[in-house]
Amino acid sequence: MLIDAANLYFRAYYAIPESITATDGRPVNAVRGYLDMSAALIERRRPHRFVSCLDLDWRPAFRVALVPSYKAHRVAPNGAEEIPDTLAPQVPLLLQVLDALGFAAAGAEGFEADDVIATLAVRDAATVDVVSGDRDLLALATDRITVLYTRRASRSWR
């Protein structure tokens, strides 16, 4: 099972109230939501492997060279990705929790999670579940690769 990590933690961040906090008061709504969604996927699908795929470059230069407007609507004034102030500190925490749980994470410098997902999915000889709300990944669907598309305003997967 290959998870589009950023897609799921953004979804969790907006779905779970910021009143979900750690004992020191820090919001952990994205972490909680990501873990809840992961647990539900693992329970329902029983994957042999579970990999959170990461955007190590959310807006790769080679894509911007091809399409200058690529994700331009998400660029913050400092040039970085626009991300809510209370979500940004949760991402490293989520990665620490996943590591502590023994969950694999994969990323590649200069590439988005989509690229990592596509590479891992086509290289694996076994059946693969891809979990994302990114419609671009529907192109991977075959008799061996199932794309579980996360729907808006729902906690279910198609």
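## Basis of the values

Because the model is predicted, local features need pLDDT of at least 70 and side-chain atom pairs count only at pLDDT 80 or more, whereas totals for chains, interfaces and linings use all residues. Residues are numbered from 1 along each chain as its sequence is written, and side-chain values use heavy atoms, with hydrogens and water left out.

Helix α4 spans residues 90-100, helices being DSSP runs of H or I with at least four residues and strands runs of E with at least two, numbered from the N terminus. Its residues Q90, V91, L94 and L98 are buried, that is, under 20% relative accessible area, where exposed means over 50% and partly exposed lies in between (1.4 Å probe, protein chains only). These four lie on the same side of α4 because they cover an arc of only 100° around the axis, taken from the directions from the helix axis to the C-beta atoms. On the other side of α4, Q96, D99 and A100 are exposed.

The cover over the buried residues of α4 includes α1 (5-15), α2 (29-45) and β2 (51-53). After α4 comes G102, which has a positive phi near 85°.

## The nonpolar cores

A nonpolar core is a set of buried Ala, Val, Leu, Ile, Met, Phe, Trp, Tyr and Cys residues joined through side-chain atoms within 4.5 Å. The largest has 23 residues, of which I3, Y9 and Y34 touch the most other members; α1, α2 and α4 each supply at least two of its residues, and α1 gives the most, with seven.

Definitions and conventions: Contact means heavy atoms within 4.5 Å.
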